[in-house]
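Subject: Structure handover and notes

Hi there,

Here is the structure I promised to pass on. Please open it alongside this message, and my notes follow below.

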Amino acid sequence: MIHERSPAVPSQEDGMPRRSTMELKRLSSAVRCLSVLVVGFAAASASAQTCRDAVVLVHGNTSYPSDYNNTYNTLISRGYAAADIFRPSWGSKTCAACNDHSGSEETPVRDAINQALARSCTGKIDVIGHSMGVTLAIKQILDLGVQSRVDAFVGIAAGYRGLWTCGTYPFNVVTSTCGYWGLSVKSPFLTGIYGKRMATRIYSLKSNSDEIVCATGVCTVDGVHSSQLTNENASYTLSESHFGLVRNTATRQADLIQ
């Protein structure tokens, strides 16, 4: 009979199976390590790219956070997290003459600034205010002593230098909004915040057809538009109404704080 011999099987002594298995294990381990490094690097890069200042948006007298809906949506579309955008609601919604810059009106804005600072991954925040919200936000920043932690401040349609409809202090209209803590020209409150820096970068948006700031037909105080801030980097004059300045300028607002 003729017997066929089976192919020789490598023995354990020659080491071939053992070496092949070890090489595969080493290769698998190397691939896993590389994957971990790549994922870690990607996560770190993504985190760095999405780390932005938290933002505080402060509405005006008797108004609502919804004035900033366009701004909010623009920031979200640019990669901001909803949790990094703070929109406090402050003051009476039915009595404009009752609101001023001292007392219960301050608390929601102050709390929002503190919360934004605690939340911000950069350690700094940006603040945008509209109308009386500008001066209210400035007071909270100064009172908290956090000027160095505010990167950009944008004041929109502010009565920063006073409103002629309130008169000149102490011969002002007798309401809270126009009194000692209000927006009469030369009021002790406005005099107290005037000239003080509230951020590293400062901008203002204003209009010569602002029906609130320019209600008497005069927009300026001592020759300067009342909405202009001191120490500002730039001021922009736009053809908008008082509320158009906040609702129709979302892109510009977002550009200025970035």
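Which hand does the crossing of α3 and α4 have? The crossing of α3 and α4 is right-handed; by the convention used here, a crossing is right-handed if the near helix is turned clockwise from the far one by less than a right angle, and left-handed if anticlockwise.

Before the rest, some ground rules. This is a predicted model, in which local features need pLDDT of at least 70 and side-chain atom pairs count only at pLDDT 80 or more, while totals for chains, interfaces and linings use all residues. Residues are numbered from 1 along each chain as its sequence is written, and side-chain values use heavy atoms, with hydrogens and water left out.

**Overview**

The protein has seven helices and 11 strands. These elements are DSSP runs numbered from the N terminus (helices are H or I, at least four residues; strands are E, at least two). Of the 258 residues, 43% are buried, where buried means under 20% relative accessible area, exposed over 50% and partly exposed in between (1.4 Å probe, protein chains only). Among contacts with a separation of 6 or more, 74% are between residues 24 or more positions apart; a contact means heavy atoms within 4.5 Å.

**Back to α3 and α4**

Helix α3 covers residues 106-119 and helix α4 residues 132-144; their axes come within 9 Å and cross at roughly 60°. That makes α3 oblique to α4. Axes here are lines fitted to C-alpha atoms, for helices over the stretch in contact, and angles run from 0 to 180 degrees between N-to-C directions. Angles under 35 degrees count as roughly parallel, over 145 as roughly antiparallel, 65 to 115 as roughly perpendicular and the rest as oblique. On the α3 side the contact is made by Glu-106, Val-109, Arg-110, Ile-113 and Asn-114, and α4 brings Leu-136, Ala-137, Lys-139, Gln-140, Ile-141, Asp-143 and Leu-144. Sorted by class, the contact of α3 with α4 has six nonpolar, two polar and four charged residues. For these classes, Ala, Val, Leu, Ile, Met, Phe, Trp, Tyr, Cys and Pro count as nonpolar, Asp, Glu, Lys and Arg as charged, and the others, Gly among them, as polar.

**α2 and α7**

Helix α7 (residues 250-257) packs with α2 at an angle of about 55°, the axes being 8 Å apart. This makes α2 oblique to α7, and α2 passes α7 in a right-handed crossing. From α2, Asn-70, Thr-71, Thr-74 and Leu-75 meet Ala-250, Thr-251, Gln-253, Ala-254 and Ile-257 in α7. This contact has four nonpolar, five polar and no charged residues.

Thr-71, found in α2 (residues 69-77), is buried, with a relative accessible area of 1%. Not counting residues up to four places away in sequence, Thr-71 touches Leu-57, Ile-128, Val-246, Ala-250 and Gln-253.

**The sheets**

Six strands form an open sheet in the order β2-β1-β3-β4-β8-β11, with parallel pairing. Its edge strands are β2 (85-86) and β11 (234-237), each pairing on one side only. Two strands count as paired if DSSP finds at least two bridges between them.

How many of the residues of β3 are buried? Six of the six in β3 (residues 125-130) are. Ile-125, Val-127 and Gly-129 point one way from β3, whereas Asp-126, Ile-128 and His-130 point the other way. In a regular strand the side chains alternate between the two faces of the sheet.

On the β2 side, β1 and β2 share two bridges, with Phe-86 as the partner of Val-56.

Three strands form another open sheet, ordered β6-β5-β7, with mixed pairing. At its edges stand β6 (171-172) and β7 (184-185), each with a single partner strand, so one side of each is left without a neighbour in the sheet. Two bridges join β5 (residues 163-168) to β6, running antiparallel, and Thr-168 has Phe-171 as its bridge partner.

**A loop residue**

Cys-98 is found in the loop between β2 and α3 and is partly exposed, with a relative accessible area of 41%. The C-alpha atoms of Cys-98 and Thr-177 are separated by 6.1 Å, although the two are 79 residues apart along the chain. Leaving aside neighbours within four places in sequence, Cys-98 is in contact with Glu-105, Ser-176 and Thr-177.

Happy exploring!

Best wishes
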